[in-house]
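Visitor: I would like a close look at one part of this model, with the cut-offs stated as you go.

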Amino acid sequence: MYMPKRETTHVRYLIAVILFVASTFSYGDRIVLSIAAVDLSRDLHIDALRLGYLLSGFSWAYVCAQLPAGGLLDRFGSKRVYGISIVCWSICALLAGLTGYLPAVVAFYALFALRFLSGLAQAPIFPGNGRIVAAWFPTAERGRASAIFNSSQYFSLVLFAPVLGWIAHSLGWKQCFWFAGFIGMGLAVAWFKIVGEVKTHPRISPSEIETIERGGGLANLDANNRARGTTLTWSTVKWLLSNRMLVGIYLGQYCITTLTWFFLTWFPIYLNQARHISIVKVGFLAALPALCGFAGGILGGVVSDRLLRSGKSLTFARKLPIVVGMAMAITMIGCNYVNTSFAVMLLMSIAFFGKGFGALGWTVISDTSPKSLIGVNGGLFNLIGNLAGVTTPIIIGFIVARTGSFRYALIFVGATALLAIVAYLPLVGEIKRVEMTTAPAPGVSAS
């Protein structure tokens with residue numbers, strides 16, 4: 001008897017695309033203030049010190065909100081929490097543009113409050129990405145899926161920096177915030193239409209659900225967590241921090257994120273002050289390492305998944321790109337020993353490519369988190385990693401101020417890449433999912 005072939009869908013690839021777009025828009029919103037800072041400072045009479053406080057508002061809130069965000073994701077599901085996050089950060093951006101019509105003193109505090117709130121709003125984004133990838137993708141496809149959304153940090157610089165720069169120059173800094181707010185609202189509409197749970201998604205076929213579940217995807221993740229209740233407790237956090245493998249992953253992420261914040265903050269200043277490259281050229285030259293990081297980020301995930309499909313262990317498939325990538329990142333120290341701008345950009349491009357190639361932390365979190373704690377564990381992982389956004393600019397600033405040179409600053413950043421290798425080799429050990437057999441029972445929210 002003839003049996004019709006079951007239709008196979010690929011909705012999970014559409015999910016990967018929307019995660020990439022959402023993450024790119026998130027980073028785009030984060031760089032608006034940096035692009036608008038020159039004109040904004042002049043209009044609102046903000047000096048360099050107060051601008052520094054203004055720029056820090058987002059990061060402090062973002063770090064502090066990671067654990068609560070993870071708990072919300074586990075309790076209420078990725079689609080709802082993530083979607084509300086997009087709406088809230090878009091509203092903050094729209095209101096930030098309106099601060100230009102307030103008196104200067106009031107505008108400063110209003111803008112600081114809105115950037116702080118935007119940091120709170122965006123806290124669920126990357127823990128949410130990790131949860132969605134764990135639910136929608138088989139283990140052998142998670143490296144590629146995570147690499148796609150993680151590469152948004154590089155792509156956003158290439159995409160948004162020129163656009164926002166043109167808007168600031170032609171229309172004004174207020175319009176930069178409005179642009180970010182309006183495109184964010186459009187993203188929110190697309191998010192709620194496209195994203196859903198695996199088993200209830202209107203476009204998915206039974207064969208794709210079977211493929212996801214057979215390959216290790218956690219298709220029932222949100223439904224199971226709703227039944228369990230709240231997972232964010234201090235005893236749960238303490239239990240996660242007692243696991244040596246997870247601590248090694250957290251430490252590795254802090255080191256990798258240190259590289260990111262060097263490139264986002266001090267790298268353009270290094271090119272201008274240490275290499276005497278004009279600020280106009282710096283804007284174009286800084287895009288080259290970002291493009292290399294984007295390419296490395298995609299390739300690292302592809303290589304990791306290919307190794308896994310070829311029969312290599314999960315530990316080998318995840319660790320090899322991380323170790324190779326961080327070894328490439330160490331090459332930035334070589335900038336201390338070359339004289340030409342070409343050689344500097346070549347070494348920095350290799351370093352940033354390596355940073356992207358080895359940035360598989362979110363893939364590893366999807367592979368290792370306890371099934372009912374993916375949001376909380378992702379939040380803790382992102383919290384520790386993004387502490388580098390607070391420490392890196394301060395440490396490098398201290399080194400440059402004390403020595404009058406970037407020589408030891410580059411050694412510091414290269415050393416953190418080496419420390420990431422140490423964290424993933426002897427400390428992490430075998431990469432495997434942590435079981436909840438000895439975990440504290442969830443149900444009491446953290447106070």
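Visitor: Which residues does A219 touch, not counting residues up to four places away in sequence?

Guide: This is a predicted model, in which local features need pLDDT of at least 70, side-chain atom pairs count only at pLDDT 80 or more, and totals for chains, interfaces and linings use all residues. Residues are numbered from 1 along each chain as its sequence is written, and side-chain values use heavy atoms, with hydrogens and water left out.

Leaving aside residues up to four places away in sequence, A219 touches A135, V198, K199 and E213, where contact means heavy atoms within 4.5 Å. A219 sits in the loop between α10 (206–214) and α11 (221–228); helices are DSSP runs of H or I with at least four residues, numbered from the N terminus. A219 counts as buried because its relative accessible area is 9%; buried means under 20%, exposed over 50% and partly exposed in between, with a 1.4 Å probe and protein chains only. The C-alpha atoms of A219 and A134 are 8.2 Å apart, across 85 residues of sequence.

R318 is classed as buried because its relative accessibility is 0%. Its contacts beyond four places in sequence include T139, R142, S304, D305, L360, D367 and I431. The side chain of R318 makes a polar contact of 3.1 Å with that of D305 and one of 2.7 Å with that of D367. A polar contact is a pair of N or O atoms within 3.5 Å; within protein, one must be able to donate a hydrogen and the other to accept it, and residues adjacent in sequence count only if both atoms are side-chain atoms. R318 and L360, 42 residues apart in sequence, have C-alpha atoms 7.1 Å apart.

Helix α17 (residues 341–357) is mostly covered, with 12 of its 17 residues buried. Among them are A343, V344, M345, F352 and F357. From first C-alpha to last, α17 reaches 24 Å, close to the 24 Å expected at 1.5 Å a residue; the expected span is 1.5 Å times one less than the number of residues.

Notes: Helices (H or I, at least four residues) and strands (E, at least two) are DSSP runs, numbered from the N terminus.
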